[in-house]
Amino acid sequence: MKVFLNKRIPEIGIKLLEEAGVEVIIPENENLSKEEWLSYCKNTDAILNVGVHSFDKDFFEQCPNVKAIALYSVGFDHVDVKAATHKSIPIGNTPDVLSKATSDVAFLLMQSVARRASYNYQKVKDGNWGDFDPLHALGQELYGKTLGIFGLGRIGFEMAKKSSKAFDMNIIYHNRHRNEEAEKELDAKYVSFEELIERSDVLSIHANFKPENKDLFNGSVFKNMKPNAIFINTARGGFHHQNDLYEALVSREIWGAGLDVTNPEPIVKDDPILELSSVCVLPHIGSATVEARNGMAKLAAENIIAFSKGERMPHCVNPDIYSGN
Ligand code: DGY
């Protein structure tokens, strides 16, 4: 069986695939145009995909040979899962192994924004260390404050746990389902979306992105947040309306923002939000640790290997396709 891997992943994944007898096709030039990428896809049985290529209805029509897709990501918002399911194509993802690393970035951004780290670092780089000033560049402390989590799954749970232990923060959350483990272990309180917005000192997004959530965090939401609120997005840029966020920051409706994902992504160099001292932006590095990336390589390879043996993918986002088996 042939699998097309559009970008090299950690060796552990490639080795597992080769040991299982899977032929791995990796292009010499990894910066493929859309057409080149598509022509590789047309000639393969399965895809191990790195990045956000869109697997929409058209894709499945154009690539009838593709029988399985293993994503090198936990997020699957770039896949039309319904169309894949319709064609009985399993879609694999990489849950759990990146929850700690991604929540670490949310935690890092929360502190960076609270203490204006990127602004202060820029001052040092610009040669503006400055004199000790009792009133300049003051941050805010997080002790005992309220962390609101939008989407309390695995990553949200890790963020809540760290924040509760490090800063004794109170955890409130809004989710499709109650998270009993978080309620028990962290005394997390389930609240309505409106209450989450109004009560959070830090609001952090950890939900799966769905098209109906596009721009959910917009001007009318920011208006209802606390003036000291810090907005953190490490999930998907589509959740927030970036211009409204900029306006909310400039007009001090909220205090600051930490983004590992932007809207659009990548952010353009002259986006005015990058000029604000209350903002810290990272280039989507949530899972960028050796440990997480190795774990993702292993899970993605395991998904492909299971498929090659005619077995269920162990981490499948559309397990319904197996229900007839
Ligand atoms: C994920 O795994 O979904 C990360 O955001 C990388 O895309």
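1. Contact is taken here as heavy atoms within 4.5 Å. Axes are lines fitted to C-alpha atoms, for helices over the stretch in contact, and angles run from 0 to 180 degrees between N-to-C directions. Helices (H or I, at least four residues) and strands (E, at least two) are DSSP runs, numbered from the N terminus. This is a predicted model, in which local features need pLDDT of at least 70 and side-chain atom pairs count only at pLDDT 80 or more, while totals for chains, interfaces and linings use all residues. Residues are numbered from 1 along each chain as its sequence is written, and side-chain values use heavy atoms, with hydrogens and water left out.

2. Domains. The domain assignment divides the protein into domain 1 (2–96 + 290–322) and domain 2 (99–281); such bounds come from an automatic or database domain assignment. The C-alpha centres of the two domains are 32 Å apart. At the interface, six residues of domain 1 are in contact with six residues of domain 2.

3. Two strands pair if DSSP finds at least two bridges between them. S1 and S2 run parallel and are joined by three bridges; lysine 2 stands opposite glutamate 23 in S2.

4. Rings of Phe, Tyr and Trp (its six-membered ring) pair if their centres lie within 6.5 Å; planes under 30 degrees apart count as stacked, over 60 as edge-to-face and the rest as tilted. By this rule there are 15 aromatic pairs. The rings of phenylalanine 4 and tyrosine 40 are stacked, because their centres lie 4.9 Å apart and their planes are at 10°. This pair links distant parts of the chain, since phenylalanine 4 is in strand S1 (residues 2–5) and tyrosine 40 in helix H2 (residues 34–42), 36 residues apart. For accessibility, buried means under 20% relative accessible area, exposed over 50% and partly exposed in between (1.4 Å probe, protein chains only). Phenylalanine 4 is buried, at 0%, whereas tyrosine 40 is partly exposed, at 30%.

5. Further aromatic features. The rings of phenylalanine 222 and phenylalanine 231 form an edge-to-face pair, because their centres are 5.3 Å apart and their planes are at 85°. Phenylalanine 222 is buried, with 0% relative accessibility, and phenylalanine 231 is buried with a relative accessible area of 0%.

6. The seven-stranded sheet. A second open sheet has seven strands in the order S8-S7-S6-S9-S10-S11-S12, with parallel pairing. Strand S8 (189–190) and S12 are the edge strands, each pairing on one side only. S11 and S12 pair in the parallel sense over three bridges, and alanine 257 stands opposite valine 279 in S12. Helix H5 (residues 99–114) packs on the sheet, touching S9, strand S10 (230–233), S11 and S12, and its direction makes about 150° with that of S10.

7. Backbone points to inspect. The peptide bond from asparagine 263 to proline 264 is cis, with omega near 10°, and the bond from glutamate 265 to proline 266 is cis, with omega near 0°. Proline 264 lies in the loop between strand S11 (256–259) and strand S12 (279–281); proline 266 is also placed in the loop between S11 and S12. Aspartate 215, although not a glycine, has a positive phi of about 60°, and is found in the loop between strand S9 (202–205) and helix H10 (219–223). Histidine 284, likewise not a glycine, has a positive phi of about 55°. Histidine 284 lies in the loop between S12 and helix H12 (290–308) and is partly exposed, with a relative accessible area of 32%.

8. A residue of helix H12. Asparagine 303 lies in helix H12 and is buried, with a relative accessible area of 0%. Not counting residues up to four places away in sequence, asparagine 303 touches Ala70, Gly92, Asn93, Met313, Pro314 and His315.
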